[in-house]
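Open the model in your viewer and keep the selection tool ready. The tour goes stop by stop, with something to select at each one.

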Amino acid sequence: MGNVHTVYVIGKVGQKHESLAAVEIKTDGADWDDTIHMRRTKEVMRIFRQNKAKIAHELAYARTISDHEQAQNVAADRQQCRGNAIKFEGEEMNENPIYVPMYPFITTCLVRGIMADGLHYSIHLPSVRLLPWNSVPDRRSDALWTTGKTIIDVTGDQYAFWLPKRCRHSGLSKRRREIYDACQLRLINGRKYLAASGETMSRSFGVIETDNGKVASIISADAVREAWPSFLPDMPLDESDSGYEDSWGSEGSEDSGDTESDDSDLYGWTDEEEIGGNETKQHKGEKEDEKVPALRKRKRGLELTDKRILGIIEDLLESGTKKTVGYKQRSRQFRFELQRYLKLRPEQFAAKHQGAVPLLLLNLTYHKRYVKRLELHQLKELSGDQVVQVVEGVVAYNRTRRIGQAMLLDVLDISFNESVTPDHLLRILEITVLHELIIWHNPNLPLDAVRRVAEGRIGKVTSRDRFLEPLRRWTMLNKKPSCAQLPPPTAPTKIPIRQVIWMTLQTVGRRKSAVVDPLISIPPGKLSLDRLEVDTLSIMLHPARYQLSHSFKGPCAELVSFPIHDVWQPLSEIFQSIERFRQLMSKVDVVWESRHWPLAFPLMLTMGDKSEDVISSPLPAEAFSFAMWDRIGWGMLREKLLQTRGVDPIKSGEYTLIFLHETDMHRLRYGMVTRDSEEKLIVSDPAVVARAAADMVAEKEWKSGIGALPAWKSETQEQDGYGTMLLDTADVQKILDASEELVARKDELAETYKGRYWGPSDSDSESAG
């Protein structure tokens, strides 16, 4: 039984902190040391910082939900989901807890941050269980396998660790016991958490820094009480805060120069240098602030200061013309006051005001070379026609600024606008194509309607529902996912992709004592697809042949088909994610990591942006649900879905990406496969397919990734690293035939190899589901 660590996320919604997400991490093997929880907390907080825009959308959505509507959502979720009883705030043990997250993007960031350690340093991915988003931490938990809790404030960029009363470490010295007793049942920082856990790491390892180089502060007790009133019930506000300060120094402001002079001997720190020098920076900043002119200080305020300009703005809103606004554009003070007016009174830019569009265009285009991102999510009172007019004005401005070429919009964010309909979106798409359309919560613009009007003119759509769907499937994993044939690609893109197939051929062990299957007689180090027949390959592909076997040595094959028919993102981002996945797979032993590496692929697809910390797309729902089923241990042997579900049919009008990694030959073979009108297989280079679709960005992305690898020479020539080679039609057909035969014979092969492995029986596997 592994250790359990729980992570909670809170944030400020309106004027109060509320619970936003929670997950439970079960660690085993290499994860038993507590330093990994410190690394994961750093990763999660960094991902939160890199995704502030979409997190702001989540919190804006939270502010639109009334308490009554939220209670109705809670009741509906409890009827749909079942699981272990978990205590909720103000309730007794509930038999139907909430597993469907209320804030799916924050939950996706949390899961990605927890998994990031395995994606960056190894392929060992922890087992994560989604908890109710509004579950309350148990402050008195003293289970031996509990390593504590992490609480993260997503809006304040703060955190805290919480240690249970009962220490899971046995045989602690008196000194270490004193450290643990001093830290238990408190909100503590990373250094104290590591010290109490007995980890002898450097002092800087226990420090979490923010973007500006300061040390992240500890969550205040007040914020925790706002989210969970019962979590700190026996600590009055002023007494608990002063108690923390008396015992630990200024826990609530770790970035204010805490040198821990009172307890440095207790924790045994040997590094006397202060981390970051934040105290010096703070005093320096205060001195510089004294020199700021009074005029600049006044501009920082939240009130409109120039009453004369305020009157002009309101007059222009009522009956302004382009000529009048153009004249006023010469005034920098007018521009400054207009920006502040937009921030303070966005509701005034509404359908009832004729001058809303000209004023918006003035603000959007002032001293800008061109406009790539048009963010109108705060101006939700605009009518649909006004939104179209703003887009027309911005695109026209871009054309005047780019001689000889039209600079179209890259991102359009019209979230929370209930006036925009599919007809308005169709008018926008007649003006410009969009790399990304953000409709976080638009009741009158459903995804099905967006698909009907897109026609390849929208690279990807970002919405709350699309982030929610894969997590909703995750909550239903007490039921085995269906392996039935999946529907065709749902995204109306120029190049629809149904699935990505990753196949590996490798020889495991080359010693004389190796247990080699008599059916497969291939010299060690010479395994390739050319040397295999279809029936032999189908036998090698069954996971029961090698998984959970300590003594397995010999030729090994594994084929995993990742369905991405529900992915709506540009082909360039898919190519970029596949290149990241290839780099990871070059370090993976598919035999011993078969429970982990398939989960890496759907996680990689969320990182379409250039920065790996930016969550640019939701998880692919089908691929994620299959991979999670296999990872959590329910999919044992013949129940392993990704290895035994086979390949979805390849059809005309859609593509399948196939990759064959032959490790013995140091070769990576690939192809983009479809069928023609006569149902004949066509294998093409991905760069050629992208060029034919006039997708220059995707072509460039492929050529800078896998396409940049050297070509494979030959078996007799020395190969410096891996070489690439295009698959031919016969190779693809052999892979498809072997997969089809595996599906037909999987139960028979499981019985054949039943005595070859140790592990649970088939009945145990079925009962686990």
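**Stop 1: a helix pair**

Select residues 534-541, helix α20, and residues 729-752, helix α27. This is a predicted model. The two helices pack at an angle of about 55°, and their axes are 8 Å apart. The crossing of α20 past α27 is right-handed.

Now show the side chains of the contact. On α20, pick Val 534, Asp 535, Leu 537, Ser 538, Ile 539 and Leu 541. On α27, pick Lys 734, Asp 737, Ala 738, Glu 741, Leu 742, Arg 745 and Leu 749. Colour the α20–α27 contact by class: seven residues are nonpolar, one is polar and five are charged.

**Stop 2: around α20**

Stay on α20. How many of its eight residues are buried? Six are, and α20 is mostly covered. Select Thr 536, Leu 537, Ser 538, Ile 539, Met 540 and Leu 541 to see the buried residues of α20. What do they pack against? Their partners are β12 (497-508), β13 (554-563), α24 (641-644) and α27.

**Stop 3: α19 and α23**

Move to α19, residues 464-475. The crossing of α19 past α23 is right-handed.

Which residues make the contact? From α19, select Glu 469, Pro 470, Arg 473 and Trp 474. From α23, select Ala 621, Glu 622, Phe 624, Ser 625 and Met 628. By class, the α19–α23 contact has five nonpolar residues, one polar and three charged.

**Stop 4**

Step back to Ser 463. Ser 463 lies in the loop between β11 (458-462) and α19. Is Ser 463 buried or exposed? With 4% relative accessibility, Ser 463 counts as buried. Show its contacts, leaving aside neighbours within four places in sequence. Ser 463 then touches Ile 439, Trp 440 and Leu 447.

**Stop 5: α17 and α18**

Select helix α17, residues 422-429, and helix α18, residues 447-454. They pack at an angle of about 30°, with axes 10 Å apart. The crossing of α17 and α18 is right-handed.

Show Pro 422, Leu 425, Leu 426 and Leu 429 in α17. They meet Ala 449, Val 450, Val 453 and Ala 454 in α18. What classes does this contact hold? The α17–α18 contact has eight nonpolar residues, no polar ones and no charged ones.

**Stop 6: a glycine in a loop**

Go to Gly 355. Gly 355 sits in the loop between α14 (332-344) and α15 (356-365). At 1% relative accessibility, Gly 355 counts as buried.

**Stop 7: a histidine in the strand β1**

Select strand β1, residues 3-13, and find His 5 within it. His 5 is buried, with a relative accessible area of 1%. His 5 and Thr 146 are 141 residues apart in sequence, yet 6.1 Å apart in space, C-alpha to C-alpha.

Show what His 5 touches, not counting residues up to four places away in sequence. The set is Val 23, Glu 24, Ile 25, His 37, Thr 147, Gly 148, Lys 149, Thr 150 and Tyr 193.

**Stop 8**

Pick Cys 183. Cys 183 is buried, with a relative accessible area of 0%. Then pick Cys 556, which counts as buried at 1% relative accessibility. How many disulfides does the structure hold? It holds zero.

**Last stop: the whole protein**

Clear the selection and zoom out. The protein has 28 helices and 17 strands. Of its 769 residues, buried ones make up 56%. Now take the contacts between residues at least 6 apart in sequence: 74% of these join residues at least 24 apart.

How values were computed:
Residues are numbered from 1 along each chain as its sequence is written. This is a predicted model: local features need pLDDT of at least 70, side-chain atom pairs count only at pLDDT 80 or more; totals for chains, interfaces and linings use all residues. Side-chain values use heavy atoms; hydrogens and water are left out. Axes are lines fitted to C-alpha atoms, for helices over the stretch in contact, and angles run from 0 to 180 degrees between N-to-C directions. Helices (H or I, at least four residues) and strands (E, at least two) are DSSP runs, numbered from the N terminus. A crossing is left-handed if the near helix is turned anticlockwise from the far one by less than a right angle, and right-handed if clockwise. Contact means heavy atoms within 4.5 Å. Ala, Val, Leu, Ile, Met, Phe, Trp, Tyr, Cys and Pro count as nonpolar, Asp, Glu, Lys and Arg as charged, and the others, Gly among them, as polar. A disulfide is a pair of cysteine sulfur atoms within 2.5 Å. Buried means under 20% relative accessible area, exposed over 50%, partly exposed in between (1.4 Å probe, protein chains only).
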